[in-house]
Amino acid sequence: MPTPATGLLLGLLLAACGLPLPWSALSFIPLTLILAFIARADTPRHAAGRAFWVGFGYFGLHLWWLGAFLVNLLGFPPLGAAAALLFALEGTFLAITAYLATLLPRTRTGRIWTLAGAWVILEWLRFLGPLAFPWPTLGYTLLPTPVIQIADLGGVLLGSVLITFTAASLAHAWTERARWGRRPLAPALLAALAWAAALGYGLTRTPGTGPEQPMRVMRVTFDPFERASGDLPAETQFAQTRAASLNRPAGSVVVWSETAITYPGTPDTRPDFPGPGITGAGGIDYGVTPTSPLADPPPYNTAIALDTAGRVTSRSDKSKLVPFGEEFPFQPILGPIYRMILNPLGFAIPNFRPNSNPTPLNLNGVLYGAYICYDSVFPRVARALAAQGAQVLVNPSNDGWYQGWGVQQHFNMGRVRAIETRRWLVRSVNNGVAGAVNDLGQPIQTVQSGQELQTLDVRPRLLTGTTLYVRLGDWPALILALGMILYGMTRRERDF
């Protein structure tokens, strides 16, 4: 089979062991084949070529739903192929990583270990910068197993370390067996011990105890394109959501979805809001000076807490903006190109400002770690809120833009934030999955289908305490990843 076809097939196999598929914890098997395949390339340049096709296949299948989203957004089916540009970009990042990881090691098995460690470093880099897109992180594939509980020690990336370490151990043994007839047992034995320890840790975790806070969670089913275009009036959405929020259990806090309320300016009061509650809100912030005399006042996408009188008691804006949706990277350089493409389609370049300092919402003495939609796939946001004393996580979201795997992936990735911080997670959505997840990442009450507005009365527990991950962040995972790279670079026996 030609090398590009082999790389593409291996990438597809890895994606076929990803979320939301129930066998996703087997992802280390195709990754074993991928590490050996790339490590056996004749030169670092050939390794990069192999990695590109692996990445293209991996992202292409895992994110197939992006093509369908573009078709729905633009109404022109051929433009669905534009998603292939993202797949190629991510394939290029993996190719660069493979080139660097295979440049210095003197042995083929050394390449395997540097590739494994570099894979984790690349996943960490996907959390950073204007092109941040950490969707297919390997650690999430452990979610169907108790092993995912190690996320409170080192985040989702610690799960990625376990998977890449296991794959490297197997690829190491396979390579040495095929080339020299040796069967190195030490790496495979160490991987087995790591799995046993992680499994034992996960099986001994128990839910935290704390006071309950009754909450009514909303799942609305408004068409996102009609909402964005204004064809569905904001007041119609508000009236329907408000009606479903009334007559709830005593002491309940209502939770609405992303941008469920719109304001003509800075959020202040909404007397007819059925508070106390938390909701997503959107509008134009006329109180903020534009960045230039020709710029418009910036829009905002925020989470707000409102009391029983409808007064806004606290606010925290969205931290991570969606690339090419809420922000367009490198605008000073690429701005003319963006306008050339978007203006004929009737789109303008948005001017949202990311929130670099998310803070909990204070409502009746309870601290709520509220973050908006896309924020949920960035561990640092929930981690920052928990570090500031948030007692429960709240995620107003809008999953109506896309369908299929994307909806389930978004929900499942958010479940890991509950594990990392050991906080309950309450989620209100437009379409998608709404409900409550406990501090073990287990869905307790959820609703994810139906064409009518639905409500859930949930009782999350208010928890305190700080996990090792909240204190140390990704450092444990990164140090282990660097250890794999160092081990690969120090292997001496030349086996090319």
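A: **Aromatic pairs and ring contacts**

In this predicted model, Y58 is buried, and F59 is buried as well. The ring centres of Y58 and F59 are 5.4 Å apart and the planes stand at 70°, so this pair is edge-to-face. An angle over 60 degrees is what counts as edge-to-face. The structure holds 18 aromatic pairs.

Another of these pairs is formed by F127 and F378. Their ring centres lie 6.4 Å apart, with the planes at 70°, so F127 and F378 are also edge-to-face. The separation falls under the pairing criterion, which requires centres within 6.5 Å. F127 belongs to the loop between helix 6 (108-125) and helix 7 (151-180), while F378 belongs to the loop between strand 8 (366-370) and helix 12 (379-387); the pair therefore ties together parts that are 251 residues apart in sequence. F127 and F378 are both buried.

Aromatic residues also group together: one aromatic cluster is formed by F52, W53, F56 and F87.

Charged side chains meet aromatic rings as well. The charged end of R40 sits over the ring of W174, at 4.6 Å from the ring centre. In the case of R205, the charged end sits over the ring of Y201, at 4.0 Å from the centre of that ring.

In summary, the two pairs described here, Y58 with F59 and F127 with F378, are edge-to-face, and the residues of each pair are buried.

Terms used:
Residues numbered from 1 in each chain as written. Predicted model: local features only at pLDDT ≥ 70, side-chain atom pairs only at ≥ 80, totals over all residues. Heavy atoms only, no water. Phe/Tyr/Trp six-rings, centres within 6.5 Å; stacked < 30°, edge-to-face > 60°. Buried < 20%, exposed > 50% of the residue type's maximum accessible area, 1.4 Å probe, protein only. Helix = DSSP H or I, 4+ residues; strand = E, 2+ residues; numbered from the N terminus. Lys NZ or Arg CZ within 6 Å of the ring centre and 35° of its normal.
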